[in-house]
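Open the model in your viewer and keep the selection tool at hand. Each stop below says what to select and what is there.

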Amino acid sequence: NSQGLLRAGQFLSARVLAPIERTTYALPAGAVTRSGGGIFVFVREARGFAARRIDVVAEDGSRVYVTTGIDRDARVAVEGISALKSLWLATQEAGT
């Protein structure tokens, strides 16, 4: 409308920005995968990569903001996520 006011029943998109009071890590959104109701990233370990469950507290389209599941020294995979997920799920199905 000409006054730029919202009307009852009108849809909108909003983004709420608020400070997060915990240690938070920003990761590329493509590094994250979902499985079985959980959200995971793959972290480099001595013998390859391991899936770690994370808590995402915010997303902005290109990044996710994580508070648990990784630490500042974690080396998180940002490429090849589909292949890592396939191997991880196959390992889980095999019971190993």
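Predicted model: local features only at pLDDT ≥ 70, side-chain atom pairs only at ≥ 80, totals over all residues.

Residues are numbered from 1 along each chain as its sequence is written, and side-chain values use heavy atoms, with hydrogens and water left out.

**Stop 1**

Helices (H or I, at least four residues) and strands (E, at least two) are DSSP runs, numbered from the N terminus. Two strands pair if DSSP finds at least two bridges between them. Select E2 (residues 33–35), E3 (residues 38–45) and E4 (48–53). They form an open sheet of three strands in the order E2-E3-E4, with antiparallel pairing. E2 and E4 are the edge strands, each pairing on one side only. On average, neighbouring strands here are turned by 45 degrees against each other, direction ignored. Axes are lines fitted to C-alpha atoms, for helices over the stretch in contact, and angles run from 0 to 180 degrees between N-to-C directions.

Zoom in on E2 and E3. Three bridges join these antiparallel strands. Arginine 34 stands opposite isoleucine 39 in E3.

**Stop 2: the rings**

Which residues do ring pairs link into a cluster? Select Phe40, Phe42 and Trp88. Rings of Phe, Tyr and Trp (its six-membered ring) pair if their centres lie within 6.5 Å; planes under 30 degrees apart count as stacked, over 60 as edge-to-face and the rest as tilted. By this rule there are two aromatic pairs.

Take phenylalanine 40 and tryptophan 88 to begin with. Their ring centres are 4.8 Å apart and their planes are at 55 degrees, so this pair is tilted. Phenylalanine 40 sits in strand E3 and tryptophan 88 in helix H1 (residues 81–94), 48 residues apart. Buried means under 20% relative accessible area, exposed over 50%, partly exposed in between (1.4 Å probe, protein chains only). Phenylalanine 40 is buried at 8%. Tryptophan 88 is buried too, at 16%.

Switch to phenylalanine 42 and tryptophan 88. Here the centres are 5.8 Å apart and the planes at 80 degrees, so the pair is edge-to-face. This pair also ties E3 to H1, across 46 residues in sequence. Phenylalanine 42 is buried, with 2% relative accessibility.

Next, select serine 35 in E2. Serine 35 counts as buried at 19% relative accessibility. Contact means heavy atoms within 4.5 Å. Leaving aside neighbours within four places in sequence, serine 35 is in contact with Phe40, Lys85, Trp88 and Leu89.

**Stop 3: the E1-E6-E5 sheet**

Select E1 (25–28) and E5 (55–59), then E6 (63–68). This open sheet has the order E1-E6-E5, with antiparallel pairing. E1 and E5 stand at the edges, each with a single partner strand. The twist averages 40 degrees from one strand to the next. E5 and E6 pair over four bridges. Aspartate 55 stands opposite threonine 68 in E6.

**Stop 4: the cores**

A nonpolar core is a set of buried Ala, Val, Leu, Ile, Met, Phe, Trp, Tyr and Cys residues joined through side-chain atoms within 4.5 Å. The largest has 10 residues: Leu27, Ala31, Val32, Val41, Val43, Ile54, Val64, Val66, Ile70 and Val76. E3 and E6 are the elements that give two or more residues to this core. A second, separate core of six residues includes Phe40, Ala77, Ile81 and Trp88.
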